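Here is a short briefing to read alongside your model. Have the sequence and the 3D view open as you go.

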Amino acid sequence: MTSTESVVSRYESLNRSIPRIDSEDKVRGTLLYVTDIRLENALYAFTFRSKVAHGKINRIETEDAEKVNGVKAVLTYKDIPSLNGYGAIVPEIPVLAYDKVRYYGEPIALVAAESVEAGLEALSRIKVDITPLPVIRSIEEALDDNAPKIHEKGNIARHTIVKKGNVDKARASAYVVLERTYETPMQKHMYLEPEGGVAYIDENGTLNVIAGGQTPYRDKLQIARVLGISPDKIRVKNSPTGGAFGGKDDVTVQIHLALLAYKTKRPVRLTWSREESGIAGFHRTSSKIKLRTAAAKDGTLLSNEAAIYLDSGAYQSFGPTILDVSIETINGPYRVPNYYIDAYLVYTNNGLASAFRGFGAPESNFAIESMMNELADELKMDPIDLRLKNILRTGETGPFNNIIRHSEGLEEALKRAKEVFYRPDPSTPFARTGVGVAVAIKGVGFGTLPDFPTAAIEVVPEGKVRIMFSNVDYGQGINTGNAQLVAEKLQIPVSQIEVYHSDTKYSPDTGGSSASRSTFNAGNALLAACEKALSELRLEAASYFMTSSSSVTYRGGNFYYKDRSINIYELAKRLRSRGKSTFFEATYEVPRYPEPVEGTLEVPHMVYMYGVMVSKVEIDEMLGKIRPLEVDFIADIGNVINPAIAAGQIEGGVIQGLGYSLTEYYSYDKDGRPLNINYTTYIVPTAKDSPMINVEFVRTYEELGPFGAKGVGEIGIIPVGASISDAVADAIGKRPYRLPILPWDFI
Amino acid sequence: MSYESIIVYSPRSLAEALDILAQRREQIRPIAGGTDVMVMIKDGVLKEKELLNLSYVPELSYIKESDSSILIAVRQIGSPQIQNLGTIGGNLGTASPAGDSIPPLYVLNATVKLQKVGGSREVPIDKFFLGPRKTVREPDELITEIKIEKMEPGTYYFFQKLGLRSANAISIVSAAGSLLLQEGTVKYLRLALGAVAPTVIRAKDAEDAAKDQPLTEQLIDRIARLASEATRPITDIRGTAEYRRKATYGVVYEALYYIMKGMGKKVEYGVESGS
């Protein structure tokens with residue numbers, strides 16, 4: 001159930017579940033995803049990957065491969081014109097390995113050939129000589145004093161301590177102190193469209209890279225750094241992308257494509273197979289989090305001590321900022337007067353960890369919310385009452401010196417959760433049932449990091465408004481949501497809006513689709529562009545009416561003066577006829593605290609989303625089968641632009657979280673080879689595994705957001721692990737401390 | 001290996017298919033639905049460079065019923081989506097211990113007909129498999145027919161598989177059984193277990209223990225325990241050996257419990273009263 005009643009919409013664009021504007025093409029199958037693009041005369045590209053997870057490269061031989069008929073290029077690190085590195089935060093990931101390999105599947109060479117056969121033949125003729133080094137497969141192994149160093153600086157990519165108050169004193173006065181260790185697995189995104197794309201140099205000499213991605217302008221910069229050419233000579237287009245979930249936020253194929261097109265001067269196509277995506281694509285950081293949390297007899301939280309370890313894999317992509325979000329969310333949405341957070345980002349030989357929906361929050365949430373549930377047990381308190389007692393209220397100062405702008409939505413959601421918090425009856429004589437709860441918090445956007453999204457609109461005399469932004473619609477529906485925002489602002493039907501997005505040729509730099517930021521950031525930038533347009537058009541209308549602009553009124557796409565009117569498209573025509581532009585661009589400064597909290601890069605955020613998830617499960621202890629029966633998810637995402645799309649985001653997040661909680665565990669063998677690299681062995685849930693999911697939105701309004709909206713993309717997945725494991729604990733009387741909860745863990 | 005380097009023969013009759021097989025022998029791999037062979041090609045693990053496509057062989061597509069048996073030709077297996085490509089013959093030929101059509105065939109005392117130019121033989125299902133992906137089929141033989149016994153009216157039967165998800169999951173444990181009850185006493189039990197040994201196995205000790213005994217919770221516990229002891233499972237990416245042993249107990253116990261309680265229609269566990 002979703003709240004569909006209008007909160008603020010006056011022009012019927014907001015708070016309505018209009019169909020996605022791209023749904024017809026998707027249903028008809030006419031939408032061309034980036035990996036569907038076939039260019040004439042294109043070369044087929046392949047990647048030669050390391051079969052050793054950790055080793056020193058002695059020699060790379062490509063002569064034999066180059067001799068294969070039809071092979072146009074075999075590239076190694078020697079062919080990289082400028083920086084051999086990329087990475088969203090620190091450019092330390094080699095584009096092509098040169099001195100060492102640090103994970104199984106690390107790219108060493110690239111091949112471009114006239115045919116698939118020639119390309120594969122060339123791949124088989126590349127020879128590498130690598131001296132294997134001991135493989136580091138876990139956080140524990142990496143931190144061992146005698147562990148071999150994966151990087152020269154050691155195996156700790158980042159270490160920070162963030163603290164407040166006096167935890168020792170607080171703990172000494174506590175009624176209950178619990179100390180627990182929680183573990184979460186690596187998770188693969190398993191998007192239906194694997195990483196891929198095409199690249200070509202056009203007649204103007206611009207290098208075009210069209211590939212599945214999330215952040216076109218950053219991709220463009222990363223390509224430019226490697227090629228040593230100006231970003232102005234590069235165009236990146238990222239859309240339509242068939243699923244991303246954070247796994248395409250950093251560079252995947254883009255630089256390889258660019259290199260090959262740049263070197264061969266030919267169009268190039270490169271698409272990873274499912275297994276290649278499984279081996280070399282990004283995954284979520286695994287975590288190990290030790291918590292020691294203290295509470296008073298009445299449930300008041302007194303202190304929280306956390307040791308957070310995240311496995312970044314062989315390199316840092318978004319690792320440093322993922323660590324920040326895990327730090328920020330380890331205190332939950334609670335009043336924690338004393339805390340001590342000791343956080344580590346660790347290198348291992350486990351592939352490449354990077355962004356994944358939730359970005360460190362699901363990891364921390366499993367720990368703190370499991371802890372809250374166990375504290376409630378210890379205190380013999382209702383777990384929802386324990387939360388109601390400890391949540392920060394609107395106007396209070398949070399643990400990171402942030403003022404809570406709004407939390408009344410969370411309070412309402414918790415109260416609503418109470419109504420559905422009961423244990424259902426078992427359906428078979430062998431089943432036990434349980435109910436569980438967890439609360440999620442996640443900041444919208446990049447916290448204290450500067451973020452200046454730019455967006456534009458163009459009023460086209462032919463009766464269209466084009467809206468332009470660089471965020472990618474990879475299935476989450478941002479194109480529709482942003483069209484609704486602009487339609488509302490301009491008081492015109494959504495059908496008059498055309499979206500140009502995620503293409504550096506047409507879209508200004510609004511940033512990428514990540515951190516649940518696209519509605520908030522692109523939406524606000526678009527609304528600012530609308531303001532500019534309306535202001536300019538009002539002047540033009542005043543000139544047309546031969547009056548002052550203050551006597552002109554605007555309604556439903558028309559300017560009025562006395563009994564006369566003129567619509568925005570006629571005004572655009574008048575402006576154009578005088579050579580004036582009807583393109584309006586604006587930059588929005590995302591509100592943020594001026595400085596991060598000491599020891600962090602981006603903590604805290606200003607705007608937070610909230611979610612409360614109640615799960616009901618049935619467990620057959622004889623078979624070790626856990627079946628989620630029903631999920632109630634009550635969310636505070638601010639004003640809801642499109643309830644169906646927003647609910648879809650939460651449902652998708654919940655199902656992805658159920659996989660994270662019950663079936664998915666990306667793993668490596670003793671030699672560092674990934675074991676489950678396709679859908680046969682990496683078990684993502686299907687529709688058949690999905691329980692009934694009831695999504696409700698509490699009605700809130702965030703004044704900073706576009707028409708009161710916050711964000712939604714990540715909140716669904718965050719509380720799933722703790723909520724499901726609480727329900728399992730309720731059913732079998734034993735609390736899980738590790739995800740996923742597998743059948744063989746408890747029978 | 002890429003698809004283009006594979007030669008595909010598509011015979012239009014059984015005789016033609018057997019001829020090709022006789023000539024090509026080890027070089028050729030029979031393929032029906034291709035749900036397994038195509039994956040092997042993609043993964044580069046198929047050793048044969050030629051395929052014998054059985055899709056256009058009309059003689060391989062029928063179900064015949066006689067008084068005592070049902071003959072199923074290899075191209076007949078009906079299920080939605082991707083599985084509707086798969087065939088029983090293919091499932092047998094692939095010889096995975098986790099093949100889901102195999103335990104029911106054990107319970108139905110199936111025989112497999114292997115045909116070649118100038119001759120044929122019938123092999124009982126429990127003599128057909130030699131190990132994972134290994135069967136008694138000679139390179140010039142084709143699986144052309146599967147014969148199963150008809151179950152007596154009133155026979156209970158069940159099939160239960162455990163996978164980590166509800167659809168498109170390779171079994172961690174599977175079990176098929178049939179059981180005839182007369183006034184609460186087991187006349188016979190047949191029990192086959194999948195994915196818990198190098199081949200599908202019959203739990204003979206469990207079957208013997210059940211014969212002529214009243215179906216009580218004590219008996220069910222004994223049967224389930226004997227079934228569990230009959231397994232020789234491995235630990236792999238899909239599950240641990242210990243779990244497979246325990247879950248075998250659970251699967252068998254639950255199936256028989258529902259039969260005892262007369263709850264044969266309990267869809268959740270795939271138990272229906274036979275007819």
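How many residues of domain 1 of chain A are in contact with domain 2 of chain A? The answer is 16 residues of domain 1, which are in contact with 19 residues of domain 2; contact here puts the C-beta atoms, placed from the backbone, within 7 Å. This is a predicted model, in which local features need pLDDT of at least 70 and side-chain atom pairs count only at pLDDT 80 or more, while totals for chains, interfaces and linings use all residues. Residues are numbered from 1 along each chain as its sequence is written, and chains are lettered from A and ligands numbered from 1 in the order in which they are written.

**Domains**
- Chain A is assigned domain 1 (23-31 + 452-587), domain 2 (34-133 + 195-271) and domain 3 (282-447 + 595-746), with bounds from an automatic or database domain assignment.
- The centres of domain 1 and domain 2 of chain A, taken over C-alpha atoms, are 37 Å apart.

**A:Ile161**
- You will find A:Ile161 in strand E7 (residues 156-164) of chain A; strands are DSSP runs of E, at least two residues, numbered from the N terminus.
- A:Ile161 counts as exposed because it has 11 C-beta neighbours inside 10 Å, and the cut-off for exposed is 12 or fewer.
- Beyond its neighbours within four places in sequence, A:Ile161 is in contact with A:Ile341, A:Asp342 and A:Gly599.
- A:Ile201 lies 40 residues from A:Ile161 along the chain, and their C-alpha atoms are separated by 48 Å.

Methods
Contact = placed C-beta atoms within 7 Å. Helix = DSSP H or I, 4+ residues; strand = E, 2+ residues; numbered from the N terminus. Buried ≥ 20, exposed ≤ 12 C-beta atoms within 10 Å, placed from the backbone.
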